[in-house]
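Hi there,

Here is the structure I promised to pass on. Have a look at it first, and my notes follow below.

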Amino acid sequence: MIKKENIFYTFSKNNKPVYRAYDGEIITLETVDAFGGQIKSEEDKLDQLDWKRVNPATGPIYVENAQAGDLLKVDIMAIELDSHGIMASIPGAGIFGKMYESSSIKCFSIENNHTYFNDIMLPLEPMIGVIGVAPETDTPNGEPGPHGGNMDNKMIRVGSSLYLPVFTEGVLFGLGDLHALMSDGEVNVTGIEIGGKVTIKLSLLKGLSHGHPLLIDQDHFYTIYSDKTLEDAVKGASLEMHHWLKDALNYTDSDTSMLMSLMANLEICQVVDPKVTIRMKAPLTYFRQFK
Ligand code: CA
């Protein structure tokens with residue numbers, strides 16, 4: 001297991017790997033929460049927070065034989081959550097940030113796949129917020145991009161496989177920022193932020209990168225795209241889907257676009273990080289090359 005002391009705050013080609021993995025290896029990583037474990041109680045104040053220690057990711061992992069242009073497949077095999085999670089309302093942050101004069105924090109006890117928000121019982125949906133590879137240019141972990149990063153995509157969960165483009169020899173992969181529960185949009189900037197352990201399998205698809213992340217679960221194929229505006233992210237996710245669907249079916253541009261307009265659905269991952277993230281979802285059955 002890669003312990004939670006092995007963390008970094010910026011995805012970079014210059015990071016020193018903490019572990020070397022072979023193609024096909026199964027690895028467990030221990031993670032700390034998005035606040036770096038600095039918040040312990042509802043009485044804590046965010047203005048005491050060391051913001052340099054937020055969004056830690058565990059790693060990076062060097063994957064043997066990986067080259068730029070490959071696609072790294074990350075099978076999410078297990079997510080084990082710690083027993084306590086936290087949320088925060090942060091003045092100035094998210095859709096409601098102007099309503100708050102000071103921060104507030106809520107703590108959650110995690111038990112048997114559910115938790116309580118006041119007296120409301122909520123079933124958990126554990127997911128990974130930050131997961132990515134070394135990008136072309138150094139990117140703080142709080143920002144999503146072509147390399148993955150802080151996508152806050154709730155479909156990155158047990159049973160799904162994330163495909164990340166490789167930009168550098170050895171990949172330099174890392175993950176962190178688990179959420180016990182988060183809704184699409186993440187409108188108040190945090191989900192239930194929590195530490196834990198994640199078990200993944202890393203494998204390489206040589207030369208298959210098209211420059212942005214993909215996700216596959218039991219029934220669906222998703223493109224994922226992060227950009228400055230929702231409009232640009234929507235266009236990006238759609239163009240990525242067009243590329244993969246056209247390749248899968250060997251259709252014309254027009255036929256590909258028409259079919260997408262019938263069966264591909266746009267969904268919002270998050271609208272609160274330095275870039276917003278959109279995913280486009282289509283039935284997996286069309287994507288023979290990924291089955
Ligand atoms: Ca996040």
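This is a predicted model: local features need pLDDT of at least 70, side-chain atom pairs count only at pLDDT 80 or more; totals for chains, interfaces and linings use all residues.

Residues are numbered from 1 along each chain as its sequence is written, and side-chain values use heavy atoms, with hydrogens and water left out.

Back to histidine 114, which sits in strand 9 (residues 114-117); strands (E, at least two residues) and helices (H or I, at least four) are DSSP runs numbered from the N terminus. Leaving aside residues up to four places away in sequence, histidine 114 touches Ser109, Met121, Leu122, Pro123 and Leu124, contact being heavy atoms within 4.5 Å.

Glutamate 143 is found in the loop between strand 12 (139-140) and strand 13 (144-145). With 22% relative accessibility, glutamate 143 counts as partly exposed. Its contacts, again not counting residues up to four places away in sequence, are Gly148, Gly149, Asn150, Pro274 and Lys275. Histidine 220 is 77 residues from glutamate 143 along the chain, and their C-alpha atoms are separated by 25 Å.

Now the whole chain. Its secondary structure comes to two helices and 22 strands. The radius of gyration, taken over C-alpha atoms, is 19 Å, close to the 19 Å that the globule rule gives for 291 residues, so the chain is as compact as a globular protein of that length; the rule is 2.2 Å times the number of residues to the power 0.38. The C-alpha trace spans about 60 × 40 × 35 Å along its principal axes, and 55% of the 291 residues count as buried.

Finally, the helices. Helix 1 (residues 230-249) and helix 2 (residues 253-263) pack at about 115 degrees, with their axes 9 Å apart; axes are lines fitted to C-alpha atoms over the stretch in contact, and angles run from 0 to 180 degrees between N-to-C directions. Helix 1 and helix 2 are therefore roughly perpendicular to each other, a label for angles of 65 to 115 degrees. Among the residues that meet are Met241 and Leu245 in helix 1, and Leu259 and Met260 in helix 2.

Happy browsing!

Note on methods
Angles under 35 degrees count as roughly parallel, over 145 as roughly antiparallel, 65 to 115 as roughly perpendicular and the rest as oblique. Buried means under 20% relative accessible area, exposed over 50%, partly exposed in between (1.4 Å probe, protein chains only).
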